[in-house]
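Colleague: I would like to learn how to read a structure like this one, feature by feature. Where do we start?

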Amino acid sequence: MQYVGKNTVVSTKFLEISTQIFLQPVRYTRKPRWLPKAPSKMFRVPIRPQISVEERNELFHLFTNYRTCMKAIYKQMEEELEKSSTGEEVLNEIIQKEEKEWQQCLAINNDWNAEVASDRDERIAKEKEIERQTILENLINSEEEKRKMMEMIEEQVRIEKEKSRYYITEENIDEAIENALNNIVSYNYAIDLNGTKFDGENKSKEADNESPKLTVESIN
Amino acid sequence: MKVKLIGRASNVSGKTLWEIIGNLRNAGIGRLVTRNSYNRYEEPCFFKVLAVEPTAYIENQTRKVIVHAEKIFRGKLYPEPVEIYSVSYKPDYRLIPKDEEQLWWDRLANCKPRERIVPGLIELPPLMKLLLERDNKDSDIRLPLEIRSNRDNVAQSDLSKLSSYKPIFFKNQQSN
């Protein structure tokens, strides 16, 4: 209910008029504040409240007293509030609490560290073992390769040694020249599909006849 | 002529400062002016005009005037002169005639300095006290009352006195 001093009855009457089931405007059932003064009230002079001197003094005293006391109480409460966050006992308590929490955190951290350390040792041991194995394998492989290489080299040396019997040296160069001159080989010939060898033009017919019949087997 | 006042009643009565100052020779420098609303005080309150500056060149401020004056308020001369500008439009001022000037200075000389001693402490409010007692805390606390540091406030706090929450009215009733 709106309370407007003497006009209480009037305002409730207005409310009753405008009250509907779903609509209950509370504000501005009267003239809105921004509208100008009503023409009927234009020249109305409101009567000043007549307050006696004693009453005015009493009210003045009451209000000033109230404000002063409230200020004192506010100040006291503010101090208490400040003490509750910055007092010596409170600070000590906070420090102790923080120390306790810090110790707890340290203990948890140490536990974690120990756990991680054991895991790490295990892992490092495993890795070392794997590394040792790989090194050993590499060593064996390299030995094997070395051995194979040596075998190959020795085989080549053996082949070369065998071949060295047919090398032309200072001693047998005359013999070799003689041999070459005696056995002239001519590659100036052609062969057909049957392996028949056809010598070049310079050769005599006898030589032609004497030439063996080359077959694929004989070539291979 | 009988004057009939219409409209709302006013708290002030008199002339605006410019109405007084503008009609005086040499703009009333050296003259005494008082305000009718200061009549409520027993002690003399008045101004001695030191300098005047018209404000007609300021738009919409033709009713006002800038006056520098020595201010004597409730029997106390302010150490520094004051400037009257924002309240100079109020029809509240009154010129003190030359033959009365000496009287006002005499009143100032014979005026007793104001004294006011108020209680400086107060107990906790009753409910707060009860709450503290319930919690076994120290409830016998005296809260210091602060006095406003106004230029015109002469109140002194007496720390040996306790203020009361009771209104004066009932106090008077009891004494009667």
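Modeller: With exposure. Buried means under 20% relative accessible area, exposed means over 50%, and partly exposed lies in between (1.4 Å probe, protein chains only). Take R8(B): its relative accessible area is 59%, so R8(B) is exposed. R8(B) sits in the segment before helix 1 (17–21) of chain B.

Colleague: What should I know about the model and its numbering before going on?

Modeller: This is a predicted model, where local features need pLDDT of at least 70 and side-chain atom pairs count only at pLDDT 80 or more, while totals for chains, interfaces and linings use all residues. Residues are numbered from 1 along each chain as its sequence is written, chains are lettered from A and ligands numbered from 1 in the order in which they are written, and side-chain values use heavy atoms, with hydrogens and water left out.

Colleague: How many helices and strands are there in chain A?

Modeller: Definition before count. Helices (H or I, at least four residues) and strands (E, at least two) are DSSP runs, numbered from the N terminus. Chain A has six helices and two strands. Their order from the N terminus is α-α-α-α-β-β-α-α.

Colleague: And what pattern does chain B follow along the sequence?

Modeller: Chain B reads α-β-β-β-β-β-β-α-β-α-β-β-α. That makes four helices and nine strands.

Colleague: What share of each chain counts as buried?

Modeller: For chain A, 6% of its 220 residues count as buried. For chain B, the share is 30% of 176 residues.

Colleague: Now salt bridges. What is the general idea?

Modeller: Side chains of opposite charge can pair when their charged atoms come close. The cut-off: a side-chain nitrogen of Lys or Arg within 4 Å of a carboxyl oxygen of Asp or Glu. Over all chains, the structure holds twelve salt bridges.

Colleague: Which residue does R123(A) meet in a salt bridge?

Modeller: E127(A), at 3.5 Å, N to O. R123(A) is partly exposed at 43% relative accessible area. E127(A) is also partly exposed, with a value of 43%.

Colleague: What is the case with R147(A)?

Modeller: R147(A) pairs with E144(A), the closest N and O atoms being 2.6 Å apart. Both lie in helix 3 of chain A, three residues apart, about one turn of the helix. R147(A) is partly exposed at 41%, and E144(A) is partly exposed at 34%.

Colleague: Which residues does R35(B) pair with, and where do the partners lie?

Modeller: R35(B) forms a salt bridge with D92(B), with 2.9 Å between the closest N and O atoms. This pair links distant parts of the chain, 57 residues apart: R35(B) is in strand 1 (residues 32–35) of chain B, and D92(B) is in the loop between strand 5 (82–84) and strand 6 (93–95).

Colleague: Are R35(B) and D92(B) buried or exposed?

Modeller: R35(B) is buried, with a relative accessible area of 11%. D92(B) is buried too, at 0%. Back in chain A, salt bridges that share partners join E144(A), R147(A) and E151(A) into one network.

Colleague: How do I read surface patches?

Modeller: Patches are made of residues with over 30% relative accessible area and no salt bridge; like charges are joined within 9 Å, and nonpolar side chains (Val, Leu, Ile, Met, Phe, Trp, Tyr) within 5 Å. Accessible areas come from the Shrake-Rupley method with a 1.4 Å probe, and for residues only the protein chains shown count as cover. Lys and Arg count as positive, Asp and Glu as negative; His and the chain ends are not counted. A charge is placed at NZ of Lys, CZ of Arg, CG of Asp or CD of Glu.

Colleague: Which residues gather in the patch of positive charge, and which in the negative one?

Modeller: The positive patch on the surface gathers K37(A), K41(A), R44(A) and R8(B). The negative patch gathers D111(A), E115(A), D119(A), D121(A) and E122(A). E122(A) is in helix 3 (residues 88–163) of chain A.

Colleague: What forms the nonpolar patch on the surface?

Modeller: M149(A), M150(A), M152(A), I153(A) and V157(A), with about 470 Å² of accessible area together. V157(A) lies in helix 3 of chain A and is partly exposed at 38%.

Colleague: Last, backbone angles. What is the rule for phi?

Modeller: Most residues other than glycine have a negative phi. N136(B) is not a glycine, yet its phi is positive, about 60°. N136(B) sits in the loop between helix 3 (126–134) and strand 8 (142–144) of chain B. At 70% relative accessible area, N136(B) is exposed.
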